[in-house]
Amino acid sequence: MEKIKIGRVVNAVALRGEVKVYNYSGYKERYEELTRIIVDDKEYEVEKVRYQQHMVILKLSGINDRNAAESQKTKDVYITEDDLLELPENTFYIRDLIGLAVEDVDSGKQLGKLKDVLQPSSQDVYVVELAGGGQIMIPAVSEFIKEVNLKEGVISVHLIEGMIP
């Protein structure tokens, strides 16, 4: 089963074996809904979740002192596909979008493939690797992103003058 990275252990907390996790998921409360997580390749039950500013503090089964918690530093935190949340309509996991073909709805031409999704602010930005070389950035808003079809593996976009060099 595929693992999905949702964080990284950055430190131990206090003396009772808690670990401090930098959250990658964008929804830190997600940890409260999990009964188990995977740290590198070992599965742990989540016994307790609390927060310290933007960090998630976890008490995991079998990690009962500071030394055991320290040994987890720099390890990645994962969930499995079964633990993924059901997303609302027209919302997608970035991992499902990367690599999709990007097609111009006006010309019908394939522009290239989605290389990355940047999340610099309230709106995402799609980074498209152009078939002829180079890349463009497209704001992920309805004005430009007309359809995402995961089954066909295509993102249909409408571009305005100046978006393609």
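Which residues does UniProt list for "domain: RimM N-terminal"? The record, an unreviewed entry, gives residues 6–83. Before selecting them, please note that the model is predicted.

**Stop 1: the two domains**

Select residues 6–83. Over this span the chain is 6% helix and 51% strand, and the end C-alpha atoms are 11 Å apart. Now colour the protein by its domain division, in which domain 1 covers 3–83 and domain 2 covers 94–157. The C-alpha centres of domain 1 and domain 2 are 33 Å apart.

**Stop 2: the barrel**

Display the strands β1 to β6 as a cartoon. In what order do the six strands close into a barrel? The order is β1-β2-β5-β4-β3-β6, with antiparallel pairing. From one strand to the next, the twist averages 50°.

Next, select residues 3–13, which form strand β1, together with residues 76–80, which form strand β6. These two strands run antiparallel and are joined by five bridges. Within this pairing, I4 can be found opposite I79 of β6.

**Stop 3: a lysine in the barrel**

Select K59, which belongs to strand β5 (residues 55–60). Is K59 buried or exposed? With a relative accessible area of 11%, K59 is buried, because the limit for that class is under 20%. Apart from neighbours within four places in sequence, K59 is in contact with R16, G17, E18, E45, V46, E47, K48 and N64.

**Stop 4: the aromatic pair**

Select Y22 and Y24 and show their rings. How many aromatic pairs does the structure hold? There is one. The ring centres of Y22 and Y24 are 5.7 Å apart and the ring planes stand at 70°, so the pair is edge-to-face. Y22 has a relative accessible area of 45% and is partly exposed. Y24 is likewise partly exposed, at 41% relative accessibility.

**Stop 5**

Most residues other than glycine have a negative phi. The next two selections depart from that pattern.

Begin with D40, in the loop between β3 (36–39) and β4 (42–52). Its phi is near 55°, a positive value in a residue other than glycine. D40 counts as partly exposed, at 30% relative accessibility.

Continue to T74, in the loop between α1 (66–70) and β6. What is the phi of T74, which is not a glycine? The angle is positive, at about 70°. T74 counts as exposed because its relative accessibility is 57%.

**Stop 6**

Select residues 96–162. For this span UniProt, in an unreviewed entry, gives the feature "domain: Ribosome maturation factor RimM PRC barrel". The span is 3% helix and 49% strand, and its end C-alpha atoms are 28 Å apart.

Show the strands β7 to β12. Which strands form the open sheet, and in what order? Six strands take part, in the order β10-β9-β8-β7-β12-β11, and the pairing is mixed. The edge strands are β10 (135–139) and β11 (145–149), each of which pairs on one side only. Neighbouring strands of the sheet are turned by 35° against each other on average, direction ignored.

**Stop 7: the loop between β7 and β8**

Finally, select K109. Where does K109 lie? K109 is in the loop between β7 and β8. Neighbours within four places in sequence aside, K109 is in contact with V102, E103 and D104. To end the tour, draw a distance between the C-alpha atoms of K109 and S156: the two residues are 47 residues apart along the chain, and these atoms are separated by 9.9 Å.

Note on methods
Residues numbered from 1 in each chain as written. Predicted model: local features only at pLDDT ≥ 70, side-chain atom pairs only at ≥ 80, totals over all residues. Heavy atoms only, no water. Pairing = 2+ DSSP bridges. Helix = DSSP H or I, 4+ residues; strand = E, 2+ residues; numbered from the N terminus. Axes fitted to C-alpha atoms, helices over the stretch in contact; angles between N-to-C directions. Domains from an automatic or database assignment. UniProt positions renumbered as here; feature names shortened; annotations may be inferred. Contact = heavy atoms within 4.5 Å. Buried < 20%, exposed > 50% of the residue type's maximum accessible area, 1.4 Å probe, protein only. Phe/Tyr/Trp six-rings, centres within 6.5 Å; stacked < 30°, edge-to-face > 60°.
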